[in-house]
Number of protein chains: 2
Amino acid sequence: LLVVFGMAVAFASIPRITWEHKEVQLVHFHEPNIYNYSALLLSEDTDTLYIGAREAVFAVNALNISQKQHEVYWKVSEDKQAKCAEKGKSKQTECLNYIRVLQPLSATALYVCGTNAFQPVCDHLNLTSFEFLGKNEDGKGRCPFDPAHSYTSIMVDGELYSGTSYNFLGSEPIISRNSSHSPLRTEYAIPWLNEPSFVFADVIRKSSDSTDGEDDKVYFFFTEVSVEYEFMFRVLLPRIARVCKGDQGGLRTLQKKWTSFLKARLICSRQDSGLVFNVLRDVFVLRAPGLDPVFYGLFTPQLNNVGLSAVCAYDLSTVEEVFSQGKYMQSATVEQSHTKWVRYNGPVPTPRPGACIDREVRAANYTSSLNLPDKTLQFVKDHPLMDDSVTPIDNRPKLVKKDVNYTQIVVDRTQALDGTIYDVMFISTDRGVLHKAVNLESDVHIIEETQLFQGPEPVQTLLLSSKKGKRFIYAGSNLGVVQVPLAFCGEHSTCADCVLARDPYCAWSRQTDACVTLQETEDPSSQLIQEMSGDVSSCPDKTKESCRQHFFKYGSTVELKCFQKSNLAQVFWKFQNSVLKVESPKYGLVDGKNLLIFNLSEGDSGVYLCLSEEQVRNKMVSRVVAKHVLEVKHILPRPELPTLP
Amino acid sequence: LLVVFGMAVAFASIPRITWEHKEVQLVHFHEPNIYNYSALLLSEDTDTLYIGAREAVFAVNALNISQKQHEVYWKVSEDKQAKCAEKGKSKQTECLNYIRVLQPLSATALYVCGTNAFQPVCDHLNLTSFEFLGKNEDGKGRCPFDPAHSYTSIMVDGELYSGTSYNFLGSEPIISRNSSHSPLRTEYAIPWLNEPSFVFADVIRKSSDSTDGEDDKVYFFFTEVSVEYEFMFRVLLPRIARVCKGDQGGLRTLQKKWTSFLKARLICSRQDSGLVFNVLRDVFVLRAPGLDPVFYGLFTPQLNNVGLSAVCAYDLSTVEEVFSQGKYMQSATVEQSHTKWVRYNGPVPTPRPGACIDREVRAANYTSSLNLPDKTLQFVKDHPLMDDSVTPIDNRPKLVKKDVNYTQIVVDRTQALDGTIYDVMFISTDRGVLHKAVNLESDVHIIEETQLFQGPEPVQTLLLSSKKGKRFIYAGSNLGVVQVPLAFCGEHSTCADCVLARDPYCAWSRQTDACVTLQETEDPSSQLIQEMSGDVSSCPDKTKESCRQHFFKYGSTVELKCFQKSNLAQVFWKFQNSVLKVESPKYGLVDGKNLLIFNLSEGDSGVYLCLSEEQVRNKMVSRVVAKHVLEVKHILPRPELPTLP
């Protein structure tokens with residue numbers, strides 16, 4: 001009979017500023033009758049963005065994607081389409097060719113695969129002629145059959161590593177290396193892959209100063225059905241798996257299979273408040289000079305999902321420690337019928353199962369996975385799952401947001417004016433909005449949100465250009481691609497607006513009296529003002545109050561405007577230095593900002609100030625946003641009072 | 001790289017009508033400096049409500065709780081309070097006497113227990129003199145030590161059955177019968193009770209026409225830590241447990257312990273959408289003539305709890321089937337170290353472990369639990385948990401609500417005018433609000449919400465009077481008790497308002513031209529209109545439009561009022577039969593309802609209609625709510641135009 005509810009959780013607040021679709025300048029690309037712009041590939045050298053859509057590939061100018069450079073169409077043959085439709089698939093949608101793989105093959109060619117009416121096929125795209133070579137390679141295991149199925153792939157040194165389904169039904173998941181001399185794949189067994197949804201893959205190269213002769217590693221990210229947990233129903237789990245580039249498979253055991261496939265659970269939760277995020281949606285690898293790569297994961301919950309999303313980040317070293325030193329899981333049979341997965345505490349064979357061949361293993365005379373002992377191979381075949389999990393940086397999510405379904409994430413590491421490093425997260429939603437968030441001390445600050453498309457379409461792909469200078473984010477959806485700058489500094493018209501944005505990309509220039517993009521300005525830093533704390537005290541005193549004088553006639557109504565973009569600010573009005581009660585019959589508020597004054601009389605003449613109050617960290621920043629001087633002219637004798645009902 | 005989000009879930013919509021605290025007539029009771037009015041007991045015979053608060057018990061008139069009849073104070077002695085404070089407890093709050101048990105003992109006495117500064121004590125309260133008898137019985141096992149600990153109790157034939165903690169720390173949970181001749185308790189073992197939070201207890205009497213000689217049974221409801229599920233962290237589970245009244249304990253095994261203690265999991269989830277409610281908050285037993293009791297449970301999730309609540313209902317027969325025919329669970333050890341709970345498939349001893357002694361068992365010469373065979377007793381000692389779970393009626397929640405934390409529930413079964421039976425749920429929130437909800441076909445309709453207290457205090461107790469005629473709900477909080485009628489029919493001023501409320505308690509009387517309470521009216525049913533479908537077509541034609549005529553002067557501003565209580569209705573305005581665009585500079589909306597017309601001119605003269613549109617089931621009900629006739633008088637020559645900035 002006692003009621004105790006969980007602790008309040010610090011959810012990220014709403015975005016401070018909302019940019020409507022028409023309010024900021026975005027560059028769009030789309031072709032009539034072409035849909036599903038889901039594959040994006042950027043060539044920074046040539047400033048070209050390659051776009052894979054349904055039945056077409058485009059090359060556009062990466063600095064202005066509305067400028068199309070090349071196009072090539074890749075349609076399904078009539079015959080194949082008919083066969084596909086015979087199998088009960090939709091001719092108008094499913095039985096088309098969805099580009100799912102778009103990878104660089106050489107300086108002059110791309111490797112492209114499409115679903116091709118449930119008969120996946122791959123080809124080489126010559127970048128000079130922008131024509132397909134007509135190789136017609138079997139795409140099975142590289143590209144899904146069904147455009148609705150999950151997939152991921154990455155080209156590493158001319159060999160395609162992919163995670164997808166291997167058959168028409170999508171029931172046989174596979175992580176494979178498609179190589180002419182050493183093709184490898186996963187075992188088709190539940191402990192290896194249990195109904196995975198593939199999310200992302202990337203290669204992490206061995207560090208150049210490595211002395212232990214380690215290997216390059218390819219990481220796969222997916223969500224799959226848990227074998228180790230039992231809840232009231234199927235529990236999904238986010239996973240990270242990795243294989244070694246040098247893997248050649250086993251000689252007898254695990255022949256043409258990975259000998260280095262290990263997987264572990266990614267943790268993204270706040271146990272104190274019962275928040276569990278166990279469905280992985282997207283991953284971004286943040287790379288920066290002098291920094292080990294950081295994996296940023298975007299998550300939603302499987303249970304009680306009512307518009308919750310979270311971001312968790314993982315250090316590469318934490319991941320590596322789990323794989324190289326963690327305990328393994330094993331299955332055990334209980335009471336004849338139940339299979340339970342528990343921590344394996346027995347002896348582990350040497351060389352360590354699933355490890356890459358490094359200097360030490362080589363020294364023990366195992367020069368390739370082909371001559372690894374059977375004991376090691378049998379162990380990794382039976383124990384691909386680690387018992388230890390990968391915990392996120394700071395052991396908690398970087399961001400938890402309510403009432404939004406995030407779809408994709410990219411992260412940019414940038415340096416503020418004072419030298420502080422910020423990791424800025426750009427996260428898209430299923431309603432066509434891009435959020436830009438940054439961790440400021442212990443808080444998450446969502447700097448702004450941008451409506452990328454006219455309608456609320458889900459963002460399917462996000463890509464961040466990493467070139468110096470003019471940088472953009474590219475977002476693909478079903479209807480087109482949009483190019484977005486990393487910041488809209490120029491939209492902030494006053495120093496206070498510029499500083500209160502708390503945007504690490506923006507600073508106020510004393511020289512030009514404008515909010516400028518830090519990376520693009522040539523002003524000396526002494527002439528720039530940026531305070532990530534939101535402290536506006538360094539701003540020049542001459543607050544540009546939009547001071548306006550008005551003359552009004554007796555008995556009429558006036559609306560005084562107040563321009564304030566911040567969604568976090570409260571607006572209130574002062575008249576002759578005392579706060580106005582807008583709930584009285586004399587006054588009204590329009591849009592929560594503009595002041596209505598009814599039935600003007602001489603007493604209403606005077607100075608009106610619109611003030612905004614905004615909580616920045618623990619301080620309340622109060623400032624004058626607009627100033628109006630009103631003069632009421634008694635041009636007529638006082639008429640009879642109107643009957644207000 | 002594919003994004004698929006869960007199916008949309010049908011959450012209950014917002015309450016149709018909001019009654020602010022001062023808007024409806026509620027009766028309050030509170031005494032200065034008395035807090036925690038958490039124990040309520042109703043004597044229907046004498047129309048007396050007994051209220052147990054901190055250090056006080058009151059008797060008030062149940063028909064008007066502001067009329068206090070008796071009071072008695074029960075303070076902690078200085079000495080006990082000092083001792084309690086020495087143990088590190090707060091002298092001002094914890095070291096006081098919180099009344100936790102308030103049960104009827106006889107026609108002239110109540111049984112009362114209090115926490116008594118962490119030394120729980122019980123006493124008899126003489127109802128004639130309204131004085132304690134000074135029995136000073138040890139309250140250990142009947143009443144918690146700590147006012148923050150959970151507890152429940154029920155008096156059955158003069159013996160108190162209770163669920164609480166047995167020690168100072170609250171670490172030893174117990175379900176016990178406090179009886180002089182046959183005290184019984186639970187084993188102190190994890191499989192019996194694993195950190196339970198007690199929620200509710202009640203007795204279900206054997207049916208009067210029972211032929212199998214069954215026993216009365218006492219049911220306990222609680223939330224405890226799961227032993228059978230493994231998730232990322234401790235999983236809580238809602239449980240129902242039951243014991244038999246005739247239980248005498250075992251002779252050797254289970255001596256002075258329950259031989260009839262069995263427990264099972266209550267399921268409240270929507271698997272299709274991943275909604276899992278595994279924390280039980282409150283239970284109400286709905287009893288009605290000719291109906292087996294129905295258990296209504298109020299739940300919240302443990303995971304991702306962001307203001308979700310649900311109601312699930314359970315048939316007694318479903319509960320009984322699980323206990324009398326379900327499979328048991330057993331623990332097994334895996335790989336030396338892990339304990340796993342799995343379904344027990346082996347042979348079950350006879351008599352069936354945990355069953356009450358019925359005619360059949362008696363016929364086999366087991367006349368009492370004292371002579372049950374050791375095999376049966378040992379089995380129930382080791383297997384108190386059923387493998388089968390109790391599924392809710394219709395296999396889904398009756399109601400799922402977002403953005404609210406429900407705390408308590410009572411349910412009333414009522415008959416509408418057409419004879420249809422409705423179970424009306426009254427559910428309180430942690431912010432002092434009472435929701436009134438009813439299942440209409442497949443939808444949940446929240447008829448109204450009432451702000452019970454001035455502030456947003458959590459409702460701790462709800463009690464429903466079951467007497468015929470004037471019926472009330474009593475709600476207890478930290479600051480007082482409030483008495484609420486079951487319906488506010490009289491607040492609906494038109495037939496359409498009365499019918500659209502879709503409140504089974506309310507009907508429109510043609511005779512008195514008023515919305516009346518069905519149970520209180522003496523009008524013949526032929527003179528009453530009630531359409532639970534919301535069909536207003538039977539309402540008399542003469543819609544009382546609040547038709548008002550106004551005269552206004554040229555250039556001024558006018559506000560036309562429109563009174564519409566429904567939160568589900570959209571209001572729009574028509575002028576000369578065409579819909580007004582209120583977003584134009586000429587018009588404005590106040591509170592989303594009232595129309596502002598700026599800068600009146602002759603062209604604005606005419607008829608203005610305020611219409612409301614409300615979706616009722618799949619139909620849109622549109623009606624005129626207000627009608628204004630405006631005449632603009634051009635009393636002056638047109639003056640110069642005002643400068644609108």
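A salt bridge is counted here when a side-chain nitrogen of Lys or Arg lies within 4 Å of a carboxyl oxygen of Asp or Glu. By that rule, zero salt bridges link chain A and chain B, while the count over all chains comes to 60.

The structure is a predicted model, in which local features need pLDDT of at least 70 and side-chain atom pairs count only at pLDDT 80 or more, whereas totals for chains, interfaces and linings use all residues. Residues are numbered from 1 along each chain as its sequence is written, chains are lettered from A in the order in which they are written, and side-chain values use heavy atoms, with hydrogens and water left out.

Confidence comes next. The model scores ipTM 0.85 and pTM 0.90. For chain A, pLDDT (the predictor's confidence in each residue, from 0 to 100) averages 91, and 96% of the residues score at least 70. Where pLDDT is low, the predicted coordinates should not be read in detail.

The interface brings 73 residues of chain A into contact with 72 residues of chain B. The area buried between the chains is about 6,600 Å², and carbon and sulfur atoms give 65% of it; buried area means the accessible area (1.4 Å probe) that two parts lose on being put together, summed over both. Seven residue pairs across this interface, both residues at pLDDT 80 or more, are in polar contact. Such a contact is a pair of N or O atoms within 3.5 Å; within protein, one must be able to donate a hydrogen and the other to accept it, and residues adjacent in sequence count only if both atoms are side-chain atoms. Elements giving two or more residues to the chain A side include strand 16 (197–204), strand 18 (236–244), strand 28 (406–415) and strand 38 (546–553). Helices (H or I, at least four residues) and strands (E, at least two) are DSSP runs, numbered from the N terminus. The residues on this side divide into 40 nonpolar, 19 polar and 14 charged, where Ala, Val, Leu, Ile, Met, Phe, Trp, Tyr, Cys and Pro count as nonpolar, Asp, Glu, Lys and Arg as charged, and the others, Gly among them, as polar.

How are the copies related? A rotation of 179° with 0.1 Å of shift along its axis superposes chain A on chain B, with RMSD 0.1 Å. The two copies are thus related as by a two-fold rotation axis. The superposition is by least squares on the C-alpha atoms of residues with pLDDT of at least 70 in both. Because 99% of the interface residues of chain A are also interface residues in chain B, the copies meet through the same surface.

Some local details complete the picture. The side chains of A:K217 and A:E320 form a salt bridge at 2.8 Å, N to O. A:K217 belongs to strand 17 (residues 217–225) and A:E320 to helix 2 (residues 316–325) of chain A, so this pair ties together parts 103 residues apart in sequence. The peptide bond from A:T350 to A:P351 is cis, with omega near -10°, and A:P351 sits in the loop between strand 26 and helix 3 (359–363) of chain A.

Definitions and conventions
Contact = heavy atoms within 4.5 Å.
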